[in-house]
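Reader: I would like to learn how to read the features of a model like this one. Please take them one at a time.

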Amino acid sequence: MQEFDELRKQAKTEAENTVSLGALNDVRAKFIGKNGEITALLRQMKDIPFEERASFGKKVNDLKEEVSAIFEKKERELKEKEREDRFKKEAVDITLPGNAVKVGGAHPLNIVKNKIIDAFCGLGFEVFEGPEIDSDYYCFQALNIPKDHPARDMQDTFYINDNILLRPHTSPGQVRTMENKKPPIKILSPGRVYRADDDASHSPMFHQIEGLVVDKGVSLCDLKGLLDTFVKLIFDEDTKTRFRPSYFPFTEPSVEVDVTCCKCHGKGCGLCKNTGWIEILGAGVVNKNVLKMSGIDPEVYSGLAFGLGIERIAMIKYGISDIRTLFESNVRFLEQFDRR
Ligand code: FA5
C-alpha cells in the first residue's frame, strides 16, 4: 500500500510540474504507458498469493484510473492555456490604422486616348494599329510626298537609314489600311510617333490618332459633321469648331480644325493666346493620288482623313501648360487625373 501511495503522489507531483503537452505525455508513459511503473505492478500478479490476487488487481486498476484522471485534468488545463496563449499572440488591435494599399491609375494620355477611341467606335469606326518603325514609302511617298519634297520638313523625324525611320505621324496607317481593305472603310489608327521637335508644346515622342473614311460620295461636309460631333463628345456640347484652310500633300482640300478655348469659352485668355480658339487637328479630303497609289479608284470612291495629337487634346482638356509634365512620371502630378 505504501508503494501505491508513493506512486500516486509521485505521478501527481510530476504531472502538476509539467508545462507542456509533450512533457505530460512523457510523464504519462512513465507511469501508465506499456512499460510504465503502474503497468509493471500488474505483471507482479503472478507472484501474489491466489486469494489476494483479486483485491491486488482491483487496487492496481483503481490506482491506474486515479492517475489517468490526474493526467486528463492536467491535459485539459494545458490545452486551455495553449489556446489562450495562441489567442494572445494572434490578437489583432482593430483600433490600429490599416496599411494603405497603393492603387495605380490610368495615365492621362491613356484616359484621353480611350475617350477618343470610344467616341469614334460609337460612330462605327474600327481600330487598326500600324508599325512605329516604317519605311520612307509609307511615311512619305505613298502620301504624295516624294523624296526631297519641301513638305517633308513639316514632319521631320529620326532616321535609322535612308529608307527606314521612326514614323513622324500615324498617316501611314491610311495607306496600309487602303492596301488591305476594300471600301467602305472607317478606321482609327492610334499610336506613338516621333519628330525632331522639343519645346513646351512639342515633344520628340508623342501620340496621334489617325482617322480615315473611304466610301462612295464622302465629302468635306461629312468631315465637318463628323469632327463637330466628335468635339462635342470629347469636350462639351457648347464647344464650337472652326475649319481653317491648310495644306497637307495627302489631302485636297486640307483644313486645320480649331475648337473654342475650354478655359475662356471663346472670350480670349492665356491658354488660347487671346484668340478664343485652340487648334486640335489636321484633316482633309484624301488626295486622289493617295487613293490611286493605294489601289482605290478615285473615280468611284472618295475619302476623308484626319490626324490629331492626343497630348494636345489632354493639355486642352486638363489645362496642362507644359507637354513635358506628361512624360516625367511624377506620381503627384499623374494621380490628379484618374480618381477612382
Ligand atoms: C499631321 O501629322 C498629319 N498627318 C495630320 C493629318 C492626317 C492631316 C490626315 C490630314 C489628314 P500635324 O503635323 O499638324 O499633321 O500634326 C497633327 C497634330 O499632332 C497637331 O495638331 C498637334 O496636335 C500634334 N503634334 C504635332 N507635332 C507635335 C509634337 N512634336 N508634340 C506633340 N504634339 C504634336
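Reader: Does Asp 148 count as buried or exposed, and at what relative accessibility?

Author: Buried means under 20% relative accessible area, exposed over 50%, and partly exposed in between, with a 1.4 Å probe and protein chains only. Asp 148 counts as exposed because its relative accessibility is 75%. The model is predicted, so local features need pLDDT of at least 70 and side-chain atom pairs count only at pLDDT 80 or more, while totals for chains, interfaces and linings use all residues. Residues are numbered from 1 along each chain as its sequence is written, and side-chain values use heavy atoms, with hydrogens and water left out.

Reader: Where is Asp 148 found?

Author: Helices (H or I, at least four residues) and strands (E, at least two) are DSSP runs, numbered from the N terminus. Asp 148 is in the loop between α6 and β3. Its phi is positive, about 70 degrees, although Asp 148 is not a glycine. Asn 144, also not a glycine, has a positive phi of about 70 degrees, and its place is in the loop between α6 (136–139) and β3 (164–166).

Reader: Which peptide bonds are cis?

Author: Omega is the angle to read. The bond joining Pro 183 and Pro 184 is cis, with omega about 5 degrees; Pro 184 lies in the loop between α7 (172–180) and β4 (185–194). The bond from Glu 252 to Pro 253 is cis as well, with omega near 0 degrees, and Pro 253 is found in strand β7 (residues 251–260).

Reader: How is the protein chain divided?

Author: Domain bounds come from an automatic or database domain assignment. Here they give domain 1 (2–90) and domain 2 (108–334), whose C-alpha centres lie 91 Å apart.

Reader: What span does helix α4 reach, and what is expected?

Author: The expected span of a helix is 1.5 Å times one less than its number of residues. Helix α4 (residues 50–90) has 41 residues and reaches 60 Å from its first C-alpha to its last, close to the 60 Å expected. Its buried residues include Phe 56, Val 60, Leu 63 and Lys 74. Contact means heavy atoms within 4.5 Å, and the buried residues of α4 pack against α1 (2–17), α2 (21–32) and α3 (37–43).

Reader: What covers the buried residues of α10?

Author: The cover includes α5 (108–121), β5 (205–215), α8 (220–234), β8 (277–286) and β9 (302–309). The buried residues of helix α10 (residues 310–318) are Ile 310, Glu 311, Ile 313, Ala 314, Met 315 and Ile 316. Gly 319 follows α10 and has a positive phi, near 65 degrees.

Reader: Which residues come nearest the ligand?

Author: A residue is near a molecule or strand if one of its heavy atoms lies within 4 Å of it. There are 26 residues around the ligand, and Ser 171, Arg 195, Asp 197, Ser 203 and Glu 279 come nearest.

Reader: How far from a nitrogen atom of the ligand is the side chain of Asp 197?

Author: An N or O atom in the side chain of Asp 197 is 2.9 Å from a ligand nitrogen atom. A polar side-chain atom of His 169 lies 3.0 Å from a nitrogen atom of the ligand, and a polar backbone atom of Ser 203 is 3.0 Å from a ligand nitrogen atom. The protein covers 96% of the 680 Å² of accessible area that the ligand has on its own (Shrake-Rupley method with a 1.4 Å probe; for residues, only the protein chains shown count as cover).

Reader: Is Ser 171 buried or exposed?

Author: Ser 171 counts as buried because its relative accessibility is 4%. Its place is in the loop between β3 and α7. A polar contact is a pair of N or O atoms within 3.5 Å; within protein, one must be able to donate a hydrogen and the other to accept it, and residues adjacent in sequence count only if both atoms are side-chain atoms. The side chain of Ser 171 makes such a contact with the side chain of Glu 210 (2.8 Å).
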